[in-house]
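Please open the model in a viewer and keep the selection panel at hand.

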Amino acid sequence: MYAPLLHNEKVVLLQVAQGDEQAFWLLFGAYHQQLAAHVYRLTGSMELAEEIVQDVFLKIWMSREALAEIHHFHAYLFVVSKHQSLNALRKIARERAQQRTWAKDTVVAGTVEEDSHPFYNLIDDAIHQLPPQQQRVYLLSRHEQLRYREIAEQMGISPETVKKYMQLAIASISAYVRDNIDVFLLLAALTSLN
């Protein structure tokens with residue numbers, strides 16, 4: 001079993017539970033490096049490990065009131081990070097499977113020009129509705145296949161900002177498609193009748 005990294009960990013946890021930001025940063029500093037190494041062993045990606053560690057600590061801060069009831073913070077922290085890592089890996093696997101499916105569908109559809117297919121138009125419309133920075137991040141990620149760090153360097157912003165823009169862009173595109181899917185299905189039905 002792991003020993004606490006902080007001599008007065010219970011006191012620090014109570015302070016964080018009460019909203020003490022300095023205590024939170026003390027907790028973060030005590031566990032960040034060890035947690036990042038643990039997550040790296042699970043994911044094999046330092047970039048992903050850093051994102052997951054930040055997400056874990058954000059989650060801890062957002063539900064900080066519960067820290068007063070935690071008796072083995074080290075174990076709690078590593079369980080939360082394991083779940084977060086597995087969720088991130090599942091999401092990556094789903095995205096890759098989805099990309100393969102889309103690529104396969106594009107090859108099979110071969111004769112359909114992208115610009116003329118209603119679904120592509122729907123996605124393009126959704127992308128064009130995005131604010132300029134979100135749109136650029138989305139296109140660099142999805143079309144140019146750049147990593148968050150590469151996009152951040154190219155745009156002169158932080159990787160965390162890139163991640164946030166990407167999350168907002170995906171949420172906006174999904175909402176736009178959801179709101180306009182009926183029109184897409186109607187156009188698809190009409191196209192198939194011709």
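Select F73 and Y76 first: they stand three residues apart in helix 4, and are therefore separated by about one helical turn (helices are DSSP runs of H or I, at least four residues, numbered from the N terminus). Their rings form a tilted aromatic pair, 6.1 Å centre to centre with 40° between the planes; rings of Phe, Tyr and Trp (its six-membered ring) pair if their centres lie within 6.5 Å, and planes under 30 degrees apart count as stacked, over 60 as edge-to-face and the rest as tilted. F73 is buried at 0% relative accessibility, whereas Y76 is partly exposed at 28% (buried means under 20% relative accessible area, exposed over 50%, partly exposed in between, with a 1.4 Å probe and protein chains only).

The model is predicted: local features need pLDDT of at least 70, side-chain atom pairs count only at pLDDT 80 or more, and totals for chains, interfaces and linings use all residues. Residues are numbered from 1 along each chain as its sequence is written, and side-chain values use heavy atoms, without hydrogens or water.

Next, select I60. Leaving aside neighbours within four places in sequence, I60 contacts F24, L67, F73, Y76 and L77 (contact means heavy atoms within 4.5 Å).

Then display the aromatic cluster formed by F24, W25, F28, F57 and W61. Over the face of W61 lies R64, at 4.1 Å from the ring centre (the criterion is NZ of Lys or CZ of Arg within 6 Å of the ring centre and within 35 degrees of the ring normal).

Finally, show the whole chain, which has eight helices and zero strands.

Note on methods:
Helix = DSSP H or I, 4+ residues; strand = E, 2+ residues; numbered from the N terminus.
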